Amino acid sequence: MEYNVKTMEKSWQEYWAKKRSFEPSEDFLKEKKYILSMFPFPSGRLHMGHVRNYTLSDAFARYYRQQGFNVLHPIGFDSFGMPAENAAIKNGSHPKKWTYDNIDYMKGEFKSLGFSFSKERELATSDELYTKFEQGFIIDMYEKGLLYRKKGFLNWCPSCHTVLANEQVIDGSCWRCDSDVVKKDMNQYYFKITQYGDELLSDLHKLEGGWPKQVLTMQENWIGKSNGLEFKLSFDEKSQERLDSKFEGFSVFTTRPDTIYGVSYAALAPEHEIVSYMIENSLLDSDTIHKIKEMKNASSIDRQKEKSGVALNLHVVHPLTKKHVPIWVANFVLMDYGSGAVMAVPAHDERDFDFAKKYDLPIRGVIKPFGEEFSADKPFTDVGELFDSEMFNGLNSKEAQAKIIEHFEDKKIGKKTTNFKLKDWGVSRQRYWGAPIPFVHCHDCGIVMEKKENLPIALPEDIVITGEGNPLDHHPSWKHCKCPKCGIDALRETDTMDTFVESSWYFLRFCASPKNWEKEAFSKEQIKYWMHQGVDHYIGGIEHAILHLLYARFFTKVFRDLGYLEFDEPFGRLLTQGMVLKDGAKMSKSKGNTVDPDAIIEKYGADTARLFILFAAPPTQELEWNDNAVEGAYKFIKRFYERSANAYKTDKIPFIEHAKLNKEEKFARKKVYEALVRAEDVYTEKYTFNTMIAGVMEAMNALNLQSNSDVWSEGYWILTSIMEPVIPHTCWEISSQKFSLANLVQQKVIDEVFVENTLILGVSINGKARVEIEVAPDASNDVIIAMAKESASRWLEGKIIIKEIVVPKKLVNLVVKD
């Protein structure tokens with residue numbers, strides 16, 4: 001049998017498309033499996049990371065179809081975003097054309113790799129229909145109070161006239177034009193994700209066992225729930241006068257109330273309203289203002305590195321000791337955590353300590369190690385004993401926390417508070433290629449929601465992307481409209497939505513019936529069926545462990561509360577695959593170490609790429625690209641195909657009387673069924689495709705050592721079924737020629753092949769292996785010793801046996817001397 005890979009793969013791809021082989025059934029009485037890979041941005045070409053991701057999901061989908069499940073395995077494109085605008089600037093193309101041209105190309109690549117996606121549920125998030133449904137959800141969320149508008153500090157490039165994401169600010173400069181980036185106080189829309197902070201945290205326990213522990217920990221840390229004390233630091237009289245009595249003081253939050261007596265300074269974020277007031281009213285000198293602006297313009301990450309600050313010549317009164325505490329502006333204090341102000345205890349906090357050392361500020365110890373004295377040489381951050389803390393002296397610092405909070409509450413000067421690192425999600429972007437926010441600005445009515453019957457608010461196509469500002473702001477007609485409420489002239493919102501919004505509900509969109517695709521975002525009937533216990537297997541990179549997965553969980557809970565859903569969590573099981581490396585580094589065009597999937601398919605075929613991806617490493621580990629191993633994968637598939645000639649044609653699995661087989665035939669059957677057991681473990685528990693494939697290789701070698709055509713045919717009936725999720729084109733070709741496709745179904749393990757009628761034991765003389773003996777499983781030690789002596793007689797001549805050792809089911813060792 002000649003292995004003509006190009007003809008064969010193309011033929012089966014056309015067959016699957018014509019037969020609609022991968023469309024799910026509308027029979028909701030069947031048990032379902034919803035298999036989903038994180039959808040790609042249509043950048044133009046697949047990279048090997050994509051191939052790994054979708055090969056994994058395809059293997060799951062094909063396996064569960066064999067097991068008789070109704071399988072939904074859809075694909076879409078996360079098609080809004082900055083890369084399309086960047087390409088428009090670089091190439092002079094329209095973002096929409098660039099995006100949809102890339103989608104068409106990538107669809108061809110998906111087909112060439114044999115991925116079994118549902119064609120009837122394909123989507124792109126930039127489709128106007130998708131935007132229509134999404135804008136309807138946004139209006140519902142606004143009505144429920146989950147979306148609001150306020151000012152916030154954003155990265156602003158004054159040259160490009162646009163907002164930049166944190167990752168687009170490089171060393172304080174715009175990644176595109178290299179201009180200095182500034183922080184600009186701008187109106188921004190926010191989702192009130194903090195309203196769900198407690199539930200997002202507490203529901204993580206529901207995902208234990210289905211999600212990697214690492215991801216659960218990352219989400220827990222990102223949400224960052226902490227309990228502590230919130231209290232007010234009041235300005236002294238002199239400071240209030242300097243501030244024209246505009247501010248009485250400011251609130252701070254601490255998780256370490258046990259250190260309250262050690263406060264030696266307080267620090268404000270550079271963006272804090274008190275600091276802004278002092279700058280606007282010329283209460284600071286130019287050098288201080290310049291330093292504060294430098295702090296503002298640094299990225300959040302850079303601000304946590306080298307500590308810097310300036311004194312404001314203001315003081316607050318300590319709420320307990322009544323001592324005066326100096327106020328500083330410090331770069332490490334961020335407005336998006338707590339109130340943008342902190343109490344600083346350098347004796348018991350490393351960050352506060354570094355700052356105090358740099359600016360020669362007091363270090364007041366109030367907790368010491370048990371049985372030891374306090375040392376100011378470094379911060380003491382462990383549990384210890386309080387001192388210099390008035391009535392709380394001698395207390396264990398852990399116990400003191402609750403007592404000090406209680407003291408503050410009794411005196412009505414503070415309260416126990418829960419805080420979150422998680423902040424409300426800013427979702428507006430000052431860019432063109434995104435979903436328009438469906439609001440109107442009316443002079444009389446304020447912010448007004450567009451009427452749902454007018455949706456979608458689609459993007460105008462007659463724009464030019466220059467990189468300077470948002471084209472929607474400058475469009476001659478698009479933003480001009482009538483107020484949906486009062487009818488007077490009004491302006492559309494020109495901000496578009498963060499693309500994380502689209503990816504936060506796309507998995508639900510696939511739960512719409514193709515028959516009603518344009519009428520509803522998803523149907524309750526389909527949702528109830530496909531999302532029962534969530535997406536069964538969700539596959540994607542670990543880099544999405546926080547934001548995408550957290551936002552998708554948030555949207556699910558919001559949709560539940562809006563009455564669309566009846567469940568709490570979207571993804572039952574999560575598999576985070578490792579990166580694909582080459583020469584020890586992540587594949588990157590700039591490093592020149594990329595591998596083009598199209599070139600691999602052209603040379604070896606899609607099945608070779610798929611086999612290498614699944615065999616080279618377990619999915620959760622990094623995969624090192626190896627050209628020789630790719631060549632080896634191709635040779636194995638070719639050999640696997642050619643040896644199928646030893647099987648005869650049949651439309652049912654051959655019946656074999658195991659007891660009548662010889663040793664080699666029994667061994668071959670055992671290895672075949674061992675591979676089948678491994679396959680079952682792969683998809684339900686371990687994801688170790690490499691060990692499954694190794695088992696198939698072992699079975700092939702065992703089949704090669706015998707010549708029974710029944711055993712060959714049974715073996716290939718099963719092995720072809722096992723390998724179909726991995727190398728589908730080759731297996732469908734073998735199955736069509738030999739088994740009329742009847743074997744591509746669930747296979748049953750036969751226990752009799754694992755029953756040992758005899759045991760093979762090694763015989764050693766003084767620890768050196770000499771022969772093997774075949775004994776009955778229930779043979780006594782006396783019988784085994786006798787058989788060992790007889791088989792090894794040539795090595796025992798003239799020797800005296802001084803010890804006989806039987807290791808059950810393994811070996812016999814005879815210790816001899818001359």
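This is a predicted model: local features need pLDDT of at least 70, side-chain atom pairs count only at pLDDT 80 or more; totals for chains, interfaces and linings use all residues.
Residues are numbered from 1 along each chain as its sequence is written, and side-chain values use heavy atoms, with hydrogens and water left out.

**View 1. An open parallel sheet of 4 strands, in the order E2-E1-E26-E27.** Strands are DSSP runs of E with at least two residues, helices are runs of H or I with at least four, and both are numbered from the N terminus; two strands pair if DSSP finds at least two bridges between them. Because strand E2 (70–72) and strand E27 (574–577) each have a single partner strand, they stand at the edges, and one side of each is left without a neighbour in the sheet. Neighbouring strands are turned by 20° against each other on average, direction ignored. Strand E26 (residues 537–541) pairs with E27 over 4 bridges in the parallel sense, and Gly 541 has Gln 577 of E27 as its bridge partner.

**View 2. Strand E5 with its antiparallel partners E9 and E6.** The pairing of E5 with strand E6 (residues 162–164) has 3 bridges, and here Asn 155 has Leu 164 as its bridge partner. The hairpin of E5 and E6 has 4 residues between the strands, and in this hairpin His 161 takes a positive phi near 55°.

**View 3. Packing of helix H1 (residues 5–19) with helix H24 (residues 728–738).** The helices pack at an angle of about 85° with their axes 9 Å apart, the axes being lines fitted to C-alpha atoms over the stretch in contact and angles running from 0 to 180 degrees between N-to-C directions. H1 and H24 are therefore roughly perpendicular to each other, a term that covers 65 to 115 degrees. Residues in contact (heavy atoms within 4.5 Å) include Trp 12 and Trp 16 of H1 and His 729 and Trp 732 of H24.

**View 4. Residues of H21 and E31 in the lining of the second largest pocket.** The lining has 18 residues, of which Lys 663, Lys 666, Phe 667, Glu 756 and Thr 758 lie nearest the pocket centre. A pocket is, on a 1 Å grid over the protein atoms alone, an open set of points where a 1.4 Å probe fits, with protein on both sides within 12 Å along at least five of seven lines, and lining residues have an atom within 4 Å of a point. Helix H21 (663–686) gives the largest share of the lining, 5 residues.

Technical notes: Angles under 35 degrees count as roughly parallel, over 145 as roughly antiparallel, 65 to 115 as roughly perpendicular and the rest as oblique.
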